[in-house]
Amino acid sequence: MGENHTGSCLCGAVRFTTRGALRGVVYCHCSQCRKQTGHFVAATSSRDADIDIEGADALAWYGASDIAKRGFCRSCGSVLFWKHNELDTISIMAGSFDKPTGLSAESHIFVGDKGDYYAIDDGLPQFDKSTPSIKVAIE
């Protein structure tokens with residue numbers, strides 16, 4: 001995907017625009033993602049230099065671990081971002097993009113920690129923890 005994409009939180013207080021290529025959607029089944037959202041997370045990512053975020057006063061960050069934080073709207077509570085403190089990329093929740101997204105699913109990570117109330121049967125690659133190409137906060 002080479003075009004711009006826009007998105008926002010539920011109430012519109014936080015909006016963003018990305019430029020350039022986005023990673024395929026990765027589904028994360030770790031307990032932190034499940035606890036924060038109530039289910040697993042579906043996220044793509046962008047280079048920091050390729051995203052503009054408006055409404056910074058409505059954006060709150062939660063330090064979920066020593067090396068990563070999670071961004072959400074302090075007005076409506078929408079989960080928007082996951083950011084590794086040492087990388088120049090930001091994960092963006094796929095559901096926060098305006099249509100058409102042009103996104104496609106890529107893989108599942110942390111399936112060894114997934115909830116016990118659902119099955120993963122879409123045929124995508126599954127990883128017990130993560131992959132070498134996806135830097136995460138816990139291994």
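1. Let's start with the pairing of S7 and S8: these two strands run antiparallel and are joined by 5 bridges. Within this pairing, Phe72 has Val79 in S8 as its bridge partner. Strands here are DSSP runs (E, at least two residues; helices are H or I, at least four), numbered from the N terminus, and two strands count as paired if DSSP finds at least two bridges between them. Please keep in mind that this is a predicted model, in which local features need pLDDT of at least 70 and side-chain atom pairs count only at pLDDT 80 or more, while totals for chains, interfaces and linings use all residues. Residues are numbered from 1 along each chain as its sequence is written, and side-chain values use heavy atoms, with hydrogens and water left out.

2. Now for the sheet that holds this pair. S7 and S8 belong to an open sheet of 7 strands with mixed pairing, in the order S6-S7-S8-S9-S4-S3-S10. Its edges are S6 and strand S10 (105–109), each of which pairs on one side only. Neighbouring strands are turned by 30° against each other on average, direction ignored; the axes behind that value are lines fitted to C-alpha atoms (for helices over the stretch in contact), with angles running from 0 to 180 degrees between N-to-C directions.

3. There is also an open sheet of 3 strands, ordered S1-S2-S5, with antiparallel pairing. Strand S1 (5–8) and strand S5 (51–54) form its edges, each pairing on one side only. The twist from one strand to the next averages 15°. S1 pairs with strand S2 (residues 15–18) over 4 bridges in the antiparallel sense, and His5 stands opposite Thr18 in S2.

4. Which residues touch the most other members of the largest nonpolar core? They are Val14, Phe81 and Ile92, in a core of 17 residues. Strand S3 (25–28), strand S8 (79–84) and strand S9 (89–93) are the elements that give two or more residues to this core. A second, separate core has 13 residues, including Cys28, Val79, Met93 and Ile134. A nonpolar core is a set of buried Ala, Val, Leu, Ile, Met, Phe, Trp, Tyr and Cys residues joined through side-chain atoms within 4.5 Å. As general background, nonpolar side chains in soluble globular proteins tend to be buried together.

5. Phe81 deserves a look in your viewer. Not counting residues up to four places away in sequence, Phe81 touches a list of residues that includes Phe16, Ile51, Ile53, Leu59 and Trp61. Lys69, Arg70 and Gly71 are also among the residues it touches, as are Ile90 and Ile92. Contact means heavy atoms within 4.5 Å.

6. Ser46 is in strand S4 (residues 41–47), and Thr89 lies in strand S9. They are 43 residues apart in sequence, yet 5.5 Å apart in space, C-alpha to C-alpha. Ser46 counts as buried because its relative accessibility is 2%, whereas Thr89, at 28%, counts as partly exposed. The cut-offs are under 20% relative accessible area for buried, over 50% for exposed and partly exposed in between (1.4 Å probe, protein chains only). Beyond its neighbours within four places in sequence, Thr89 is in contact with Ser46, Arg47, Asp48 and Lys83.

7. How many salt bridges does a search of the whole structure find? There are 5, a salt bridge being a side-chain nitrogen of Lys or Arg within 4 Å of a carboxyl oxygen of Asp or Glu. In one of them, the closest N and O atoms of Arg19 and Asp52 are 2.6 Å apart. Arg19 lies in the loop between S2 and S3 and Asp52 in strand S5, so the pair ties together parts 33 residues apart in sequence.

8. Lys83 and Asp48 meet at 3.0 Å, N to O, linking strand S8 to the loop between S4 and S5, 35 residues apart. Lys83 is buried at 10% relative accessible area, while Asp48 is partly exposed at 31%. Asp50 forms a salt bridge with Arg47, with 3.0 Å between the closest N and O atoms; Asp50 is buried at 16% and Arg47 is partly exposed at 46%.
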